[in-house]
Amino acid sequence: MTIEFTETADETGLEVYDSIEQRRLHIGTPSPVSPAVLEPDRFRFPIDKKCAIETDALVFDQSYSVTVHNSTGQTETSLDAGETVRLEERTQFVGLSGPIRLYCRIDAAGTIDIGLTSIRITFDEATDVEVGARSPHDRPAATITTPPDIESMMEAVSALPSALKTTSPERTWPTLRGHPPLIELGDRLRIPDTVDRPDDDMILTVPPERSALYQAAPLGFFLGATIRPGREPTLETPRFEHPLTAEHSFEDAVARLLKRFFFLDCLTRTEGFYRYELHERQLLEDELPYDLAEMYAADLPERLDRYLDIPYDQLASHMPRWPLTAHVPAEPDTIELLPFIVNELGVVRDVGGKPPKTVPDSGNAAGLVRSVSRTRDSSGTPRPDRSFVVPDITDESVEHAWFGDDIPQQASKATLEAYRNQLARDARNESTEILLVCNDARMLGEHDALGNVYGNREALPFEIHSEFGVDTDRLADLLTDGSYDFFHYIGHATEDGLRCPDGELDVRSLESVDLGVFFLNACRSYEQGLALTRRGAFGGVSTYADIVNDRAVEAGETMARLLNRGFPLRAALEIARTHSSLGKQYLIVGDGSADIAQSDGGAPMIVDLERDGDEPFDFAVQSYSTKEFKLGTATESTLPTVADRHLSPGRTSFSRADKDDVREYLIWNEVPIRVDSELLWNDGIGSPIFE
């Protein structure tokens, strides 16, 4: 089973463990409990497993988003930090949005207290509580096979919306958008009976070309539309017809419609089952030409029709930042990528690009360079069969994933294998297993710095394994049989291997690797990182040019801190590039959404502070999406005096906050802090800005 319930003794209570996603959550109780596993019925919300315990209190050691629902599932209240609410003696559900989605069915009177870093539910007397849990992990339910002709491929893509769990505005919640079925090329079209095709009342007509089909797939998925060939691109519903190329190119038109419809549904859903204050709604509600409650009650065609009345430019600055833009070739086998891109509602674009004006190198900085020759060679010349490319669009999303040939700049090098590797994995280790390999004694400074970074969070068990001067046979064994969740390599590399005392280990010579995420902090490690994703890894960071050792040490520590705090690769790399010496030589290889740890409470975020002497701070947050907190998640800080619940990934406006309140918040929350554009860290001892 994905979800496991286990009683705990050292800290009495219940541990909920997701063995696939390696996420865990502890529920404290005043005295020991014995969970009785039950059939997952009597819940108004989808769950994977449930148990019953008898207790007079539940304590959560992190601050999650909390909602109280009545017996029908309707939201009665959403709670913020510092709030207290009474539970009546009737059936109520308390929902908690943590690393594992929890619902507690409670039939007794009690009190919920929300603190800065914890939640406590107490009952007037000991009572039976049913705890239901749902894993955020969502595996494809089936595989569709299609031949390469455009009509069959359109039918296959039209079946992807079978993973939508509703067509109401709630589909903007990540947990109500399932992973689409996989698609494979074959000799004939086969759509399993378990895949429910959408009704034909929502039709997306696109040119009979593979590029147009791929670009339309995310919009078709979100709308639950049937895609058909036609020379005039049109969105047709029982209420209206909307041309797609009147003012913009086709790929721009479908991208803008996807963002518009998704964002406005996020605003409308605040009138539904989960009612709460939303930053973006507060900014826009007075400008909307309709009432949100009326819009929630409308059917899908009417909602979309009314959404088109609002100019896109009026909405654009308030939208969440899109997590992914995928640049894909118009080849038949690209269709096998679509379910993974659509799962993130990624924007799809062609592989248009141009050669860069220059290839970034280590510059003129003096010092040790992490190349095998140990002298600088900054030509940046790739293998003869590869060249560099800059995508035509590079500023639309957190990550631009390049699926074409060549080595991208200002983008990641994505691979289909990296996505498939994650689907193929079994339940992994109880703790997060980290392997640090240092193969140059002059680089021990980076290793020593990392020892104080990885695994410094009490709530998450880490096991750190360090190896020094590892030879080729030993390194091969570690990669193929070690079952490590993260591999951090410190040393030298070439296109042909990772340097060891007895030579080079070429990852391409290995049949497979048993490895999750990696960071190859060495010169020219691109080919080796690419090979890791081809052979089993999920994704990582590599380099395609020389890097100076001093800068590599800083980059390695910054990346380690961010990954340890739950940031995915795409977010960690973006932040590290902005706030450290990590240069453009580094790029993501594989799946940029891969991570090694869960974040505390909600989507990982950076706190932005601006100060003016002893005056109050201006406080804002910038959040990033993760695999469990995907696009459309609502997240917030727990600073009681600031209303900043917003759509993730995104950022809030600055709000005035008292210095003492900010100090208290940062004592209890270990988050990266950006003070007047400088990145600082508070690792459990408060913030350095108050020292």
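Student: What am I looking at, and how are residues counted?
Tutor: This is a predicted model, where local features need pLDDT of at least 70, side-chain atom pairs count only at pLDDT 80 or more, and totals for chains, interfaces and linings use all residues. Numbering runs from 1 along each chain as its sequence is written, and side-chain values use heavy atoms, with hydrogens and water left out.

Student: Cis or trans: what is the peptide bond from Ser648 to Pro649?
Tutor: That bond is cis, with omega near 0 degrees. Most peptide bonds are trans.

Student: What is noted about the phi of Leu345?
Tutor: Phi of Leu345 is near 55 degrees, a positive value in a residue other than glycine. Most residues other than glycine have a negative phi. You'll find Leu345 in the loop between α8 (338–343) and β20 (347–349).

Student: Why is Leu345 called buried?
Tutor: Buried means under 20% relative accessible area, exposed over 50%, partly exposed in between (1.4 Å probe, protein chains only). Leu345 comes in at 0%, so it is buried.

Student: And Arg524: buried or exposed?
Tutor: Arg524 has 15% relative accessibility, so it counts as buried. Arg524 also has a positive phi, about 50 degrees, although it is not a glycine. Its place is the loop between β32 (515–521) and α12 (526–534).

Student: What about Cys523?
Tutor: Cys523 has its closest cysteine sulfur in Cys438, 14 Å off, which is too far for a bond. Cys523 is buried as well, with a relative accessible area of 0%.

Student: What makes the radius of gyration agree with a compact globule?
Tutor: The rule is 2.2 Å times the number of residues to the power 0.38, with the radius taken over C-alpha atoms. For 691 residues a compact globule would be near 26 Å, and the chain has 25 Å, so the two agree.

Key: Helix = DSSP H or I, 4+ residues; strand = E, 2+ residues; numbered from the N terminus. Disulfide = S-S within 2.5 Å.
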